[in-house]
Amino acid sequence: MKYDVVIVGAGVAGLESAIVLASKDFKVAVVESKPAEKIGDKTCGDAIGIHHFEKISLEIPSKVIDYKYRGVKIYSPSEKHGLIVPGEGVSVNRIRFGQWLLEEAMNKGAELYDSHVLTDVIIKNDRVEEVRVKKVDGPVVELKAKAFIDASGASPALRSKLPDTWPISDRPFTTDFNIAYREVIRSVNPIPEEDSKYALIYLNAEVAPGGYWWLFPKSDDRVVLNIGLGVVWNGVYNPRHNYEKYLKPRFRGDLIHAGGGIVPTRRPLPTLVWRNVGVVGDAAYTVNPVHGGGIGSSLEAAYIVSTYFGNGLEAGGVDEKKVWEANIKYMQAYGAKQAGLDILRMYLQKLSNDDFEWILKNKIVDGSSVYDLGVKGELGEKILHTVSAMIKLLGKPSLLNQLRIVRSYMNRLMSLHSTEYPKSPEELPKWMSLVENIVEEYARTIGFDRGRKVKW
């Protein structure tokens with residue numbers, strides 16, 4: 001079969017890409033390992049800030065929204081101290097959201113190959129010419145296309161089969177991921193009303209080492225709860241074990257859904273496009289490194305990459321030179337912030353429960369500062385000024401110096417991903433080397449073990 005674009009993966013990024021491209025009357029195929037009725041069934045926190053929808057002008061129907069939040073409430077390890085981060089968000093019903101996106105894509109003409117897995121990638125003349133996919137107990141199907149998009153998730157089915165010499169094949173370190181487990185339950189007891197309008201995040205290095213645990217209400221009666229945790233992927237911690245040990249005894253009720261997964265928590269791929277291939281969503285690491293939220297940023301990346309792919313196809317074809325602007329646009333929209341937050345993420349993963357408790361107890365940061373950090377990715381003067389003013393009173397002289405180091409590296413990496421991002425593919429190798437040297441230098445400076453390179 002011949003198509004203009006073959007998209008591997010029918011998550012939010014893959015389906016958004018299909019919607020954009022099919023809307024321009026391109027012939028689009030979507031390959032998905034799940035059966036059609038299971039599309040959208042993914043284990044995650046389900047929460048997303050509404051500003052992501054606004055950025056890409058995506059109007060979602062009320063039927064896909066389970067609950068609305070006023071913001072995020074962050075608790076210290078003792079749960080005696082916390083702060084509120086403002087910002088409207090929603091909890092989506094992942095199945096209904098996925099099924100709605102699928103319906104939109106199909107209505108615009110995209111074709112679905114559900115229950116198919118990618119088995120092979122055929123490269124000719126330094127481009128992907130076709131992919132081979134197979135249905136369970138079915139024949140191999142050859143799908144040829146002018147362009148391909150990998151939206152297959154954190155263990156990328158397409159990107160992992162590309163030549164190592166292509167920069168889009170860049171492999172991460174194990175500690176660039178969190179592994180997570182969560183359950184949705186109907187609790188025997190409602191959560192307190194004062195917590196019910198917030199997505200609740202709990203910093204606790206014992207319960208969720210290298211991550212956090214969360215409690216997200218999903219119903220007006222305050223009894224349907226999404227509860228889970230993420231831990232750094234280092235071969236030591238097991239998220240389900242920690243859930244069973246620390247959280248399950250606290251939250252009793254009827255199980256609605258359970259599952260786990262792997263979440264990229266790092267800066268984005270150095271390039272989201274190469275030759276006639278684009279990468280979006282978890283496959284491109286378009287996830288917030290600090291809080292692990294990826295629905296909104298995956299939608300944004302998909303919208304940008306598929307828009308430029310559409311423009312390239314209309315102009316005669318796709319390669320990295322013709323669609324390079326997609327990288328620049330994504331880095332400006334979200335990627336530069338991710339890079340800065342990647343630096344902060346590594347620092348936070350070094351902190352102890354005593355550190356978290358001290359910071360929240362003494363109100364070193366407030367909700368507006370955290371909101372600015374989340375939106376802009378910058379560690380601003382306000383935080384450093386506050387810490388400086390409290391050092392003599394509270395006695396944490398090392399913290400100010402640590403934050404200055406963190407801010408310096410955050411700013412450097414953000415600048416590299418925004419104003420200093422390569423203007424052409426030819427400049428990319430030198431830029432990639434510079435980024436890696438800075439990250440490695442920072443890891444040595446703070447004593448952070450990056451783990452090992454992942455083998456797909």
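This is a predicted model: local features need pLDDT of at least 70, side-chain atom pairs count only at pLDDT 80 or more; totals for chains, interfaces and linings use all residues.
Eight strands make up an open sheet with mixed pairing, running in the order β3-β5-β4-β11-β12-β13-β10-β14. The edges belong to β3 (47-49) and β14 (253-264); each has a single partner strand, so one side of each has no neighbour in the sheet. On average, neighbouring strands here are turned by 30° against each other, direction ignored. Within the sheet, β11 (residues 198-202) and β12 (residues 212-217) pair in the antiparallel sense over 3 bridges, and Y202 sits opposite W213 in β12.

Strand β5 (residues 82-92) of this sheet carries S91. Is S91 buried or exposed? With a relative accessibility of 0%, S91 counts as buried, because anything under 20% falls in that class. Its side chain makes a polar contact of 2.8 Å with the side chain of K218. Setting aside neighbours within four places in sequence, S91 touches a whole set of residues: D46, A47, V64, I65, D66, Y67, Y69, P217 and K218.

Next come the charged pairs. Side chains of opposite charge can pair when their charged atoms come close. The model holds 28 salt bridges. One of them joins R266 to D170, with the closest N and O atoms 4.0 Å apart. This pair links distant parts of the chain, since R266 is in the loop between β14 and β15 (273-274) while D170 is in the loop between β9 (140-150) and β10 (177-187), 96 residues away. R266 itself counts as buried, at 3% relative accessibility.

K321 and E426 form another salt bridge, their closest N and O atoms being 3.5 Å apart. K321 lies in the loop between α5 (295-314) and α6 (325-348), and E426 in the loop between α10 (397-417) and α11 (428-446), so the pair ties together parts 105 residues apart in sequence. Both K321 and E426 are exposed. Elsewhere, salt bridges with shared partners join D170, D176, R266, R267, D342, R345, E436, E440 and R450 into one network, and this network includes the R266 and D170 described above.

Definitions and conventions. Residues are numbered from 1 along each chain as its sequence is written. Side-chain values use heavy atoms; hydrogens and water are left out. Helices (H or I, at least four residues) and strands (E, at least two) are DSSP runs, numbered from the N terminus. Buried means under 20% relative accessible area, exposed over 50%, partly exposed in between (1.4 Å probe, protein chains only). A polar contact is a pair of N or O atoms within 3.5 Å; within protein, one must be able to donate a hydrogen and the other to accept it, and residues adjacent in sequence count only if both atoms are side-chain atoms. Contact means heavy atoms within 4.5 Å. Two strands pair if DSSP finds at least two bridges between them. Axes are lines fitted to C-alpha atoms, for helices over the stretch in contact, and angles run from 0 to 180 degrees between N-to-C directions. A salt bridge is a side-chain nitrogen of Lys or Arg within 4 Å of a carboxyl oxygen of Asp or Glu.
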